[in-house]
Amino acid sequence: MRHTASRRLGRLLTTVLTVLTSLTVVSTSAAGPAAGTEVPARAATAGPVLDRNFPDPDLVKVGRTYHAYATSGNGKNIQHATSTDLDHWSVADTDPLPALGAWVRSDEPRVWAPEVYANGKGYTMLYTARDRASDKQCIGAALASSPDGPFRPAGEGPLVCPTGQGGAIDAASYTERGHRYMLWKNDGNCCGLDTWLHMQATSWDGTRLTGEPTRLIKQDRDWEGDLVEAPTLVERGGHYVLFYSADAYDGDRYKTGYAVASSLTGPYTKAAAPLMTTATFAGAVTGPGGQDVVTAPDGRDRIVFHGWSADRSRRSMYAADLTFAAGHPVVAGSKALRRAAAEGR
């Protein structure tokens, strides 16, 4: 009897330990990786997370759901997809921006590089389209009560449209200490002019400009070609990191660079070499650019961007883990030169 009781007790203890172990595993998985646990990095070289034409992706998280927006395509002014893990995406059937501002040329319906964010009362979308009055690309605003849309145009005309500088494209948002700023590029490469990335204060809902633009950086490296564009600004560890795309978007020369500053408006010092190129990905991603930075469910930073398919028929969406060392970014899978400091430091 004693042996039987001992065996029963042993089986009971084993069962209890198994249950406790299972609970520990579930708890650890829900809370993120345990201390000291190595979690494989998400690298863009694993392939696109959305293998369809979805260029210039912009992401916003609402609750547990990530909303991604992209340049016009597939019969929509703006494309929209959702995910809960950044790796598996569902593409929406509806157009979140079904109508454009009255200032947009009706015979040139292409809409570029959307930016969406929560404004406290709903959601703001900034978008680029061609202005009927100047025939330049300019930036407009639209508002919605839901991230799914429909976004409705705000204002009578474009929000930013410096026609003497070639127009404006590629709006991005940045907030700090209760202030909202918009970053944008003057589209000078349309007209043989310099391309500057600007920062400008706006109202909290982004529909009004409340300050003058500040120039941050322009094209001045051989590898940047005729332009810099697509700004994305983050602050990490006391450093401001300005990501941007450069060179011709329509092939393998397109690439992503960055510049670092210790204050919001600069001066920004560019890295000596680009962060992501076709070569740094060993050809696994072609022309990486149009980037955005978002926090993944595991708490890591992730950089999301587009790259050309092998037959150049589409720009698919890629994602990779992003880390920072003394303010300088490192992208999983990109074999960029790991320089400890930006050029000139």
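Author: Lys185 stands opposite Leu197 in strand 11. Strand 10 (residues 179–186) and strand 11 (residues 196–202) are paired in the antiparallel sense over six bridges; strands (E, at least two residues) are DSSP runs numbered from the N terminus, and two of them pair if DSSP finds at least two bridges between them. This is a predicted model, in which local features need pLDDT of at least 70 and side-chain atom pairs count only at pLDDT 80 or more, while totals for chains, interfaces and linings use all residues. Residues are numbered from 1 along each chain as its sequence is written, and side-chain values use heavy atoms, with hydrogens and water left out.

The open sheet has four strands in the order 9-10-11-12, with antiparallel pairing. Strand 9 and strand 12 (214–218) are the edge strands, each pairing on one side only. On average, neighbouring strands of this sheet are turned by 25° against each other, direction ignored; the axes are lines fitted to C-alpha atoms, and angles run from 0 to 180 degrees between N-to-C directions.

The structure holds two disulfides, a disulfide being a pair of cysteine sulfur atoms within 2.5 Å. Cys190 and Cys191 form one of them, with their sulfur atoms 2.2 Å apart. The torsion about the S-S bond of Cys190 and Cys191 is about -45°, so this disulfide is left-handed. Cys190 is partly exposed at 42% relative accessibility, and Cys191 is partly exposed at 39%; buried means under 20% relative accessible area, exposed over 50%, and partly exposed in between (1.4 Å probe, protein chains only).

Cys138 and Cys161 form a disulfide with their sulfur atoms 2.0 Å apart. Cys138 lies in strand 7 (residues 137–144) and Cys161 in the loop between strand 8 (152–154) and strand 9 (168–176), so the pair ties together parts 23 residues apart in sequence. Cys138 is buried, at 0% relative accessibility, whereas Cys161 is partly exposed at 25%.

Backbone geometry comes next. A cis peptide bond joins Gly149 and Pro150, with omega about 0°, and Pro150 is found in the loop between strand 7 and strand 8. Gly266 and Pro267 are also joined by a cis peptide bond, with omega about 10°. Arg312, although not a glycine, has a positive phi of about 60°; Arg312 is partly exposed at 40% relative accessibility. Ala326 has a positive phi near 55° and is exposed, with a relative accessible area of 59%.
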